[in-house]
Amino acid sequence: LAAALAAHGAPDQAADLFHSIVQVDGDFRGVAHRLVRATHARPEDDGVQMPPSIGRYQLLEPIGRGAMGNVYLGRDPLINRILALKAIDLSLGYDNPDCASTSESFLREASIAGSLSHPNIVTIFDVGESDGLAYIAMEYVRGHHLSEFAAPGRLLAVETVLDLVARSADVLVYPH
């Protein structure tokens, strides 16, 4: 049913069903892959292999890539929760003049984000290091990347843009 919804132009409803299935069995017939494809643009393949797990978390599918690392759709097998894992390879040694180490910078980010409670800030569940990777386990929020709406013919309505800017400003003021 979810695949049919996705094929017939109802990606949000398809994602709802894929999400329900992945919570029960993240390995079932590529459901994690289908969930990510229904809600995210496919990250570019840079040849880096996704490990099967980070710490206790099972990795299901890459979600995105940032300047310092990768984000994966994951599952906490202890409580059967779907989450996002942001991970960086500590052996790469990113330059950051404000911190003594990449690990310190990453853990500081997790500590700051984890201390905040706001409806527009994802919840941090866990932070740690495993096999040379530092990771932040956080709430998985389904949605679409704003870049999808930056092309002619796909632009968001002015009212939607103003709402997003207002919510962004609200969340930026909150920690201060």
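Begin by selecting strand β5 (residues 124-130) together with β6, two antiparallel strands joined by six bridges; strands here are DSSP runs of E of at least two residues, numbered from the N terminus, and two of them pair if DSSP finds at least two bridges between them. The model is a predicted one, in which local features need pLDDT of at least 70 and side-chain atom pairs count only at pLDDT 80 or more, while totals for chains, interfaces and linings use all residues. Residues are numbered from 1 along each chain as its sequence is written, and side-chain values use heavy atoms, with hydrogens and water left out.

Six of the seven residues of β6 are buried (under 20% relative accessible area, with a 1.4 Å probe and protein chains only), so β6 is largely enclosed by the rest of the structure.

Then select Y57 and Y135, an edge-to-face aromatic pair with 5.8 Å between centres and 70 degrees between planes; ring centres of Phe, Tyr or Trp (its six-membered ring) must lie within 6.5 Å to pair, and planes over 60 degrees apart count as edge-to-face. Because Y57 lies in strand β2 (residues 57-65) and Y135 in strand β6 (residues 133-139), the pair ties together parts 78 residues apart in sequence. Y57 is buried at 1% relative accessibility, and Y135 is buried at 7%.

Note on methods
Rings of Phe, Tyr and Trp (its six-membered ring) pair if their centres lie within 6.5 Å; planes under 30 degrees apart count as stacked, over 60 as edge-to-face and the rest as tilted. Helices (H or I, at least four residues) and strands (E, at least two) are DSSP runs, numbered from the N terminus. Buried means under 20% relative accessible area, exposed over 50%, partly exposed in between (1.4 Å probe, protein chains only).
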